[in-house]
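The sequence and the structure come first.

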Amino acid sequence: MPIQTAITTAARAADGAALLAVPFAADLTVSPVPGVPDLPLPPEGLFAQHKAKGEAGEIVEVPVARDGEVARILLYGVGDGSAKALRKAGAAVVRRAKGRESVSVALPPEGPVAAFVEGALLGAYTFRIGENRSEPVAAVEFVAADPAAVADQIRDGELIAGSVALARDLANTPASVKTPAWLAEKAVEHAEAQGVAVRVRGPEELREGGFGGILAVGQGSASPPRLIELSYEPDDPDGRHVVLVGKGITFDSGGLSLKPTDNMKGQKTDMAGGAVVIAVLSALRRAGVRARVTGLVAAAENMPSGTAQRPGDVITHYGGRTVEVLNTDAEGRLVLADALAYADAVLAPDVVVDIATLTGAISVALGRGHAGLYATDDDLARALLDAGASSGDIMWRMPLIDDYRPALDSGVADLANVESGSTYGAGSVTAALFLREFTGGRPWAHLDIAGTGRSTVDEGPLSKGATGFGVRALLRWLAPDAG
Ligand code: BES
Ligand code: MN
Ligand code: ZN
């Protein structure tokens with residue numbers, strides 16, 4: 001849940017309820033703070049005593065006498081002043097203010113203030129049901145010499161952080177609440193409030209439309225599937241049409257190819273890609289994006305039951321392609337295939353990007369810090385890699401290895417959903433090759449966020465649980481001027 005923010009020039013020094021945070025530079029100098037003419041300078045030798053070098057993430061706490069009481073000033077390092085450093089610095093400040101009612105934060109004297117604001121707001125993110133975790137700081141007051149000069153940057157930081165928080169909230173919601181219908185309601189609620197039209201297809205319409213993959217994956221669940229289509233029309237269109245496709249598995253038990261408990265317990269976040277699409281679509285108008293953007297979220301719950309699909313079943317995807325389902329746990333590609341084929345045939349976009357918690361194999365390859373990027377177009381790959389690096393959602397380009405394509409040959413259908421033997425391996429690559437079959441040769445990129453979609457630690461702008469990975473990169477890619 002996003003916390004409260006304000007901008008001001010009149011800093012209040014800490015008085016027990018409030019705290020003041022002030023930047024210090026790599027040369028260990030403390031800049032003057034507007035509104036606090038009598039800011040006490042740190043005593044000689046303080047930084048050396050704390051072994052502080054001015055790096056981002058460092059905090060040196062200084063007790064000061066104020067109105068007869070002991071107050072605190074947090075001196076925070078800004079490192080090299082880059083976006084990455086300021087994100088880290090912002091998060092460190094709010095984390096140190098945990099449990100307080102508010103913190104007044106003097107903004108870094110220069111550099112990308114939006115990144116600092118974003119880091120501060122994300123560092124204060126929590127998802128709680130009940131009172132079982134410590135509270136973040138309730139409010140942040142940003143202090144600037146000239147608030148009007150930084151207002152846009154603060155707004156950009158708030159938009160990015162708020163959008164990431166929405167994606168996290170959706171993905172952190174337990175699957176007992178988060179049925180495909182619930183996810184569709186949330187998409188309507190958030191996107192429509194931001195001037196984005198939403199169309200939701202239920203089982204009936206999916207059947208009429210021939211969306212055999214989404215139906216097959218959802219058929220074992222008591223909560224039927226949905227295809228959520230979000231349409232953003234820019235006020236000042238540049239003529240480009242982008243389609244974003246998100247995997248929206250509200251819970252992945254594996255289906256009849258059941259997962260072991262350990263692998264299943266985090267699978268409420270298997271709609272993280274879909275959450276990113278909903279959050280991004282809901283931010284486009286405020287970010288001033290000029291491309292037309294359509295979001296597709298293929299939402300289904302993958303459950304084992306008497307009505308579930310079986311290994312060996314053959315399904316017919318949107319557009320008529322048949323697939324032999326050899327493993328019901330490779331369900332993400334089945335729902336995405338329908339959405340990609342529909343995008344190609346009906347929406348006819350200039351470019352398609354899908355985002356999905358698709359394979360455990362990608363975290364074996366890249367770990368939790370980098371997402372796997374696959375692309376059929378080098379310019380598109382470059383643009384996404386750049387947007388990822390500058391926004392903080394880091395990606396690594398992976399190869400679409402044509403030699404591995406025979407892994408997906410089937411004896412009875414056009415394709416198999418997994419390799420039946422283990423000749424080729426490379427589970428994330430073969431998953432991407434499967435998706436490519438449905439893109440109709442359009443410029444396409446695929447983000448495998450199975451490793452980056454969840455965090456095991458509270459650190460910097462990350463919090464334990466869903467990360468919202470992809471929101472920042474996609475917004476940066478679509479609106480290079482914002483953030
Ligand atoms: N949702 C999982 C991938 C996943 C794993 C996401 C771990 C987050 C954390 C996906 O549907 C899946 O089960 N993939 C299988 C594919 C296999 C059956 C070919 C996998 O990775 O094991
Ligand atoms: Mn699965
Ligand atoms: Zn899955």
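Buried residues are those under 20% relative accessible area, exposed ones are over 50%, and partly exposed ones lie in between, with a 1.4 Å probe and protein chains only.

## Basis of the model

This is a predicted model, in which local features need pLDDT of at least 70 and side-chain atom pairs count only at pLDDT 80 or more, while totals for chains, interfaces and linings use all residues. Residues are numbered from 1 along each chain as its sequence is written, chains are lettered from A and ligands numbered from 1 in the order in which they are written, and side-chain values use heavy atoms, with hydrogens and water left out.

Because aspartate 252 belongs to strand β9 (residues 241–252) and aspartate 329 to the loop between β12 (322–324) and α11 (332–347), the pair ties together parts 77 residues apart in sequence. Helices (H or I, at least four residues) and strands (E, at least two) are DSSP runs, numbered from the N terminus. Aspartate 252 is buried at 2% relative accessible area, whereas aspartate 329 is partly exposed at 21%.

## Packing of α11 and α14

The axes of α11 and helix α14 (residues 427–436) come within 9 Å and cross at roughly 30 degrees, the axes being lines fitted to C-alpha atoms over the stretch in contact, with angles from 0 to 180 degrees between N-to-C directions. The two helices are therefore roughly parallel, a term for angles under 35 degrees. Contact (heavy atoms within 4.5 Å) involves Arg333, Leu334, Leu336, Ala337 and Leu340 of α11, and Ala431, Phe434 and Leu435 of α14.

## Two further residues

Phenylalanine 116, in helix α3 (residues 113–123), is buried at 0% relative accessible area. Leaving aside neighbours within four places in sequence, its contacts include Tyr76, Leu86 and Phe142.

Alanine 6, in strand β1 (residues 4–8), is partly exposed at 37%. Not counting residues up to four places away in sequence, alanine 6 touches Val140, Glu141 and Phe142.

Conventions
Parallel < 35°, antiparallel > 145°, perpendicular 65-115°, else oblique.
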